[in-house]
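Keep the structure open while reading.

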Amino acid sequence: MATVCGDGRRRYGSLVLVDELRATVGSDHVFDGAGTSHVVDWTGRFVGATDLVVRPGSLDEVRRVLAIARAHGRAVVPQGGNTGLVGGSVPLHGEIVLSSARLNEVGVPDVDARRIVVEAGATLEAVQVAAASVGLRYPVDFGARASATIGGTIATNAGGVNVLRYGTTRAQVLGLEAVLADGSIVSTMAGLMKDNTGYDLRGLLCGSEGTLGVITRAVLRLVPAHVSVTTVLVGCESVSDAMSVVGRVGRASDTVDAAELMSRRGVSLTSEVTGVGAPFDAAWYVLVESSVGEEQGDTLARLLSGRSQVAVAESPARRRALWRLRDEHTPSIATLGTPLKYDVTLPLASLPRFVDEVGEAVTSVAPTAETIVFGHAADGNLHVNVLGAREERAIDETVLTTVGAYRGSISAEHGVGAAKREWLHLTRSAEEIAAMRAIKRALDPEGILNPHVLLP
Ligand code: FAD
Ligand code: 2HG
Ligand code: ZN
């Protein structure tokens, strides 16, 4: 089910273009994308082609690469870890890939100010490790942490499992530096906590999916490391029951980091693929984690007492095992084939009804398809994965219009990319799309930055 779009592969640049790029970043860092991982997305669903992958090593090199691309009329796709799930990071129309792989410096955390300066190509995990080394924590976290980059997480405003307590990536970015299409630099690297001097360019670049600027550095907020963590897996008879667990712990405690929903099918598949046993069988599961800065006992266990299926992780190893059952849903599903992925938000109260309806809606247009639903329950964010279906467009339409009917969002955290841009109108009004287009035109009038994503 590979989607191969666009002009396909060009001849290996024009010689002048290649020479200019090589003179700018060094010969080793300009190469043909054919046969490399730079042209295929993580799922294998989006397969592009390019004659040019370029790896600049500094802010100035990023500026010069963009100037050269512009002069030659070539569009550019910024690429970080290429773990994006909406086809936004690969050259589907023969664009030059600008990889952040060499911009991967991680600064020394500032313990008193609780922040860290990092380059865009540093991985999420590298930042987490740096923060942990000084007793702090970078609260954005999800399964692709070892490859996803800070630039990519900012460009997609990534969510993950701790949004409930700490917010999305946008809430962690105190400052950033980016190169706009015309080579000008936008920088809020002073990282001021308060700064009301006009439009929030930092906020605008978060979630801009490589369409407004190439992010080169950021100042990230760090939070205290959790000293005492309680991780509990709860068995539930229905999505409604699961949401009552989520509501209960959320109402009673402001120390809940995560509340993740999984189905019997998702857990049994992940268990089979990873070899991690589930403590019990249930129709639905909620994985809840709460943490405090100092020893504070078993608030969660107390809140959940009276339920018949509750497994409290008694050791760090058991905690890691429970999290593998959640984190490894995506790779486990990938063992069954290339799924259609929908990453949607619903009003919390509609979640149970939506789960029933979406399964039925998919079956009505693709009777043999299998639908696996999981996600960040407390955020109302469900990941609907549809396997074994050929009716791609009909499924897109039925799933996304169902989301639209609930006034939900067709993209909760992965972005719009190439996969969802045609459906943007289900969540955004015509006036809003026009305003976004006006911003894109103003900042990138020639349309050289990731021109085939986000806007329909
Ligand atoms: P890429 O995939 O390389 O790029 C993504 C987008 O950002 C593209 O549009 C690209 O052009 C743009 N971009 C990348 N770098 C830059 C830059 N320096 N400047 C400007 N634009 C740039 N996402 C979540 O939100 N929550 C999750 O829980 C989650 N879990 C995942 C689990 C797995 C197993 C996988 C494979 C993916 C998951 N994702 C999740 C999706 C993905 O990891 C995120 O979207 C991540 O933020 C992408 O980072 P990246 O560096 O791989 O970016
Ligand atoms: C997650 O929450 C990711 O694990 C990936 O956002 C979701 O694979 C998916 O659909
Ligand atoms: Zn997710």
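A polar contact here is a pair of N or O atoms within 3.5 Å. By that cut-off, the 3.4 Å between a polar side-chain atom of Ser89 and an oxygen atom of ligand 1 counts as a contact. The model is predicted.

**Ligand 1**

- The shell around ligand 1 holds 34 residues. The closest are Pro78, Gly80, Thr83, Gly84 and Thr149.
- Thr83 also makes a polar contact: a polar atom of its side chain lies 2.6 Å from an oxygen atom of ligand 1.
- Gly81 contributes through its backbone, with a polar atom 2.8 Å from a ligand 1 oxygen.
- On its own, ligand 1 has 970 Å² of accessible area, and the protein covers 96% of it.
- Strand S5 (76–79), helix H4 (150–155) and strand S11 (213–221) each give two or more residues to this shell. H4 gives the most, with four.
- By class, the shell has 21 polar, 11 nonpolar and two charged residues.

**Ligand 2**

- Thr330 places a polar side-chain atom 2.7 Å from an oxygen atom of ligand 2.
- For His414, a polar side-chain atom is likewise 2.7 Å from a ligand 2 oxygen.
- The side chain of Glu413 has an N or O atom 3.0 Å from an oxygen atom of ligand 2.
- The protein covers 90% of the 300 Å² of accessible area that ligand 2 has on its own.

**Zinc ion (ligand 3)**

- Which residues coordinate the zinc ion? The donors are His376 (NE2), His383 (NE2) and Glu413 (OE), at 1.9 to 2.1 Å.
- Along the chain, these donors follow the spacing H-x6-H-x29-E.
- His376 lies in S18, whereas Glu413 lies in the loop between helix H13 (392–405) and helix H14 (430–443). The pair therefore ties together parts that are 37 residues apart in sequence.

- S18 is mostly covered, with five of its seven residues buried.
- S18 pairs with S19 in the antiparallel sense over seven bridges. One of the bridge pairs joins Gly375 to Leu382 in S19.
- S18 also pairs antiparallel with strand S14 (residues 256–263), over two bridges. Here Glu260 has His376 of S18 as its bridge partner.
- The hairpin of S18 and S19 has four residues between the strands. In this hairpin, Gly380 takes a positive phi near 70°.

**Points to trace in the view**

- Start at His376: this residue coordinates the zinc ion through NE2, and its bridge partner is Glu260.
- Then follow Glu413, which coordinates the zinc ion through OE and has a side-chain N or O atom 3.0 Å from a ligand 2 oxygen.

Terms used:
Residues numbered from 1 in each chain as written. Chains lettered and ligands numbered in written order. Predicted model: local features only at pLDDT ≥ 70, side-chain atom pairs only at ≥ 80, totals over all residues. Heavy atoms only, no water. Polar contact = N/O pair within 3.5 Å; in protein donor to acceptor, adjacent residues only side chain to side chain. Areas by Shrake-Rupley, 256 points an atom, 1.4 Å probe, with all protein chains shown as cover. Donors = N, O, S within 2.8 Å, 3.2 Å for Na, K, Ca; no water. Near = heavy atom within 4 Å. Nonpolar A, V, L, I, M, F, W, Y, C, P; charged D, E, K, R; others polar. Buried < 20%, exposed > 50% of the residue type's maximum accessible area, 1.4 Å probe, protein only. Pairing = 2+ DSSP bridges.
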